Amino acid sequence: MLDYIHLKIKRQNGSRDFPRWEEFKVPYKPNMNVLSVLMEIRKKPVNANGEKTTPVVWDCSCLEEVCGACTMIINGNVRQACSALIDKMPQPITLEPLSKFPVVRDLKVDRELLFEHLKKVKAWVNIDGAFDLGPGPRVPERERRWMYEISRCMTCGCCYEACPNFNSRSSFIGPAPLAQVLRFNKHPIGAMTQEERMETIMGEGGITDCGNSQNCIEACPKNIPLTTAIAQLNRDTTIHGIKNWFRK
Amino acid sequence: MKVIVIGGGLAGLLSIIKAAEAGAEVDAFSLVPFKRSHSICAQGGINAALNTKGENDSIQQHFEDTIVGGDFLANQTPVKGMVEAAPGLIYAFDRMGVMFNRTSEGFIDLRMFGGVKNRRTAFAGATTGQQLLYALDEQVRKWVAAGKVKEYIGWEFLSAVIDDEGLCRGITAQDLNSMEIHAFPADAVILATGGEGMIYGKSTNSVICTGSAAGAVYQQGVSFANGEFVQFHPTAMPGDDKLRLMSEASRGEGGRIWTYKDGKPWYFLEEWYPAYGNLVPRDIASRAIYKVCVEMGLGVDGKNQVYLDLTHKDPEFLEVRLGGIMEIYRNFYGEDPVKVPMKIFPAPHYFMGGMYVDSNHMTDIPGLFAAGECDYMYHGANRLGANSLLSASYSGYICGPNAIKYMKGMKKSAADVPQSVFDRELTRQKDIAESIYRMDGIENPYVIHEELGEVMITDVGVVRYEKSLMRGDNKLQELMERFKNIGIHDTGRWANEVVPFVRQLWNMLQLARVITLGAFNRKESRGSHYMPDYPERNDDQWLKTTKAYWTESGPRFEYEDVDVSLLKPRARKYD
């Protein structure tokens with residue numbers, strides 16, 4: 001075992017700056033993860049050549065893989081850095097920012113678009129207001145379980161990074177919001193406004209832009225059944241389309 | 001009418017929603033997208049006396065459990081208001097689509113939690129905070145789409161703008177990408193900025209929980225109440241970068257704490273506290289684990305750790321009800337809690353103390369409100385598990401409307417305040433930022449922060465000796481001296497993370513002294529504050545709320561009587 005951890009980090013000062021690689025050697029301790037190594041660099045910002053440098057910039061918050069903030073590309077795979085355990089990875093470890101979102105600085109990217117897409121598909125239950133109207137609808141536990149699975153999506157962007165049909169020039173709404181549409185359409189109250197969501201995903205950049213590569217489900221750190229959800233939505237949109245046709 | 005809300009956790013988002021519903025325009029500031037706020041880390045559940053398990057649970061019982069759990073330091077009237085509103089809040093969350101676990105009849109299921117004898121905790125697997133946060137985030141997104149709420153994501157609150165009459169008229173904030181600092185006028189400002197776990201270096205908190213916002217307004221005249229009451233969660237995974245929470249729900253669902261004594265498993269909580277067993281309140285469980293490991297030397301493998309054991313439970317049951325924490329333990333420790341007992345130790349977790357607020361959640365500065373963990377209101381000397389999602393939600397729920405009520409009674413709106421008031425504060429903040437940019441000493445701010453954590457955990461931890469608290473405060477003052485000799489390694493004007501951190505660090509150091517000296521002054525043991533030099537609760541002298549005021553030379557303390565109008569203080573017993 002090496003007595004240091006060897007990192008190669010792709011760094012850039014902004015979205016218009018050229019990226020460059022900088023290497024670091026950080027003293028080894030057991031049970032470290034990528035974030036705790038980056039934190040060590042902050043305490044002594046010196047690169048592998050012994051030159052002083054600026055601390056690496058990255059996003060993080062919860063450090064337990066539930067907030068989704070620290071998503072980056074580690075040894076070529078998109079994942080959260082907090083749960084990337086050093087003892088389980090070959091070295092040198094390469095760190096790169098997500099490639100499909102504008103780089104803010106170093107490993108920090110701008111993922112505002114993910115939230116814009118949730119807005120577009122109206123990913124919410126349209127309640128009248130946050131006040132007490134007594135108990136909500138009863139829900140069978142087996143229904144709740146699959147809706148809960150989808151509602152664990154942390155909007156981290158892994159599925160976007162992995163999806164060949166999404167890039168900065170495509171209008172594809174992406175895998176995660178599609179799964180949310182299904183969840184809200186099947187919720188007893190959410191179902192009351194499902195037509196609005198259906199119209200959105202049947203329009204430009206909607207569900208037909210999915211190329212069925214099934215990369216998203218491989219990349220999802222929470223194992224959300226994205227492809228099953230998209231397949232179900234495909235059927236639902238067909239039925240919705242036929243209904244629309246009869247109404248004409 | 002313009003309200004500014006700082007913070008995108010449960011308290012902040014409910015403040016936003018309730019203010020928007022009342023017709024106000026809202027500017028919402030958050031360090032991170034709301035979905036990444038720290039409420040997300042809450043696991044076990046949210047308390048409400050729904051009484052759907054045939055156990056004769058009641059609002060009154062929830063009230064008494066909360067007051068006794070808090071060792072009688074919480075003001076009782078506000079707590080009563082909270083527990084009364086709890087069932088209605090759960091129902092509102094339910095309608096928003098929160099995926100609460102269900103009974104076979106489709107009702108919201110309830111589970112056991114610490115310090116209680118009835119099932120009262122509604123839950124969504126072991127990621128209840130996440131599910132509640134997402135539901136509110138979705139509702140706020142609806143308001144954003146409707147143009148009633150404007151988001152400022154990736155902005156940090158720097159200070160309140162206070163006019164010549166002493167009223168809060170807005171804020172200054174910094175865009176953490178462009179590093180620009182601006183002043184924003186508002187008729188009322190709600191701080192919902194969470195706890196300050198980063199003061200302890202490593203804790204169960206997210207790294208954004210620095211308490212910096214509270215520390216900033218403390219230096220502007222807001223008093224900080226009951227700072228010395230810091231909850232150590234008994235069951236967290238020891239770690240290098242973070243102490244990861246293993247929910248109390250694991251014990252609520254039957255998990256047992258044990259270690260080896262004389263070669264045999266010893267279930268010390270069950271032996272010492274037969275009435276509540278593994279479900280004693282957190283302060284008591286943490287002290288017991290501390291005693292077993294540190295004082296008796298009986299930690300597992302000779303380390304500061306004991307077992308939290310779920311291996312006797314059915315794997316499917318565990319997955320449905322505790323899946324979230326099982327996943328965290330597997331991912332970060334590489335062992336399966338279904339097969340092997342988890343190793344845990346107490347970790348700094350929750351701050352019962354916070355900004356002093358009145359019953360409307362307004363701080364000492366008129367127009368400046370506080371809600372959620374950053375206020376001090378509902379938990380007294382110790383918080384019961386699953387009461388934090390409740391207090392965060394409830395305080396936001398009432399704080400939004402209270403701010404509107406205040407605005408409607410104002411003589412003069414923020415729009416009529418002279419620009420010079422805003423310019424003055426803006427200049428002050430720009431000067432502070434520039435002074436940090438100029439720091440070229442030899443100290444590294446992240447190293448000082450690490451040492452701050454060590455001081456706090458060693459000297460202001462689970463057990464507090466008078467001597468150690470004094471030593472701790474001396475070390476804090478040394479760190480404040482060394483702070484002046486910081487050198488920043490990054491002078492960039494774009495997405496610079498060092499400059500904001502240095503500013504946060506100073507605010508953390510300020511609050512660290514409030515916590516430490518507050519503890520030193522309180523010559524008794526109550527709830528989470530345990531001083532072996534004064535092992536008993538002393539109601540004659542200390543049934544009082546601590547209020548710390550900032551002065552140049554350190555915190556000045558005042559004390560205020562506690563509202564005990566509804567339940568007469570009695571001995572707190574769980575054995």
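I started with A:P92, which lies in the loop between β4 (77-80) and β5 (93-96) of chain A. Helices and strands here are DSSP runs (H or I over at least four residues for helices, E over at least two for strands), numbered from the N terminus. I noted that the peptide bond leading from A:Q91 into A:P92 is cis, with omega near 0°.

A word on what I am looking at: this is a predicted model, where local features need pLDDT of at least 70 and side-chain atom pairs count only at pLDDT 80 or more, while totals for chains, interfaces and linings use all residues. Residues are numbered from 1 along each chain as its sequence is written, and chains are lettered from A and ligands numbered from 1 in the order in which they are written.

**Positive phi**

Next I looked up A:L63, in the loop between α1 (34-43) and β3 (71-74) of chain A. Its phi is near 65°, a positive value in a residue other than glycine. Is A:L63 buried or exposed? A:L63 counts as buried because it has 29 C-beta neighbours inside 10 Å. The cut-offs, with C-beta atoms placed from the backbone, are 20 or more others within 10 Å for buried, 12 or fewer for exposed, and partly exposed in between.

In chain B I found B:D301, in the loop between α8 (282-295) and β16 (306-309). Phi of B:D301 is also positive, near 60°. B:D301 has 9 other C-beta atoms within 10 Å, so it is exposed.

**Two helices in chain B**

I then turned to α12 (445-459) and α14 (498-521) of chain B, whose axes come within 10 Å and cross at roughly 25°. That makes α12(B) roughly parallel to α14(B), a label for angles under 35 degrees. The axes are lines fitted to C-alpha atoms over the stretch in contact, and angles run from 0 to 180 degrees between N-to-C directions.

Which residues meet? From α12(B) I listed B:P445, B:I448, B:H449, B:L452 and B:M456, and among their partners in α14(B) are B:F501, B:L505 and B:A512. Contact means C-beta atoms, placed from the backbone, within 7 Å. The contact residues divide into 11 nonpolar, 1 polar and no charged (Ala, Val, Leu, Ile, Met, Phe, Trp, Tyr, Cys and Pro are nonpolar; Asp, Glu, Lys and Arg charged; the others, Gly among them, polar).

**A sheet in chain B**

Last, I traced an open sheet of 3 strands in the order β3-β5-β4, with antiparallel pairing. Its edge strands are β3 (46-47) and β4 (110-111), each pairing on one side only. Pairing requires at least two DSSP bridges, and β3(B) has 2 with β5 (121-122). I noted that B:N47 has B:T121 as its bridge partner in β5(B).

Methods: Angles under 35 degrees count as roughly parallel, over 145 as roughly antiparallel, 65 to 115 as roughly perpendicular and the rest as oblique. Two residues are in contact if their C-beta atoms, placed from the backbone, lie within 7 Å.
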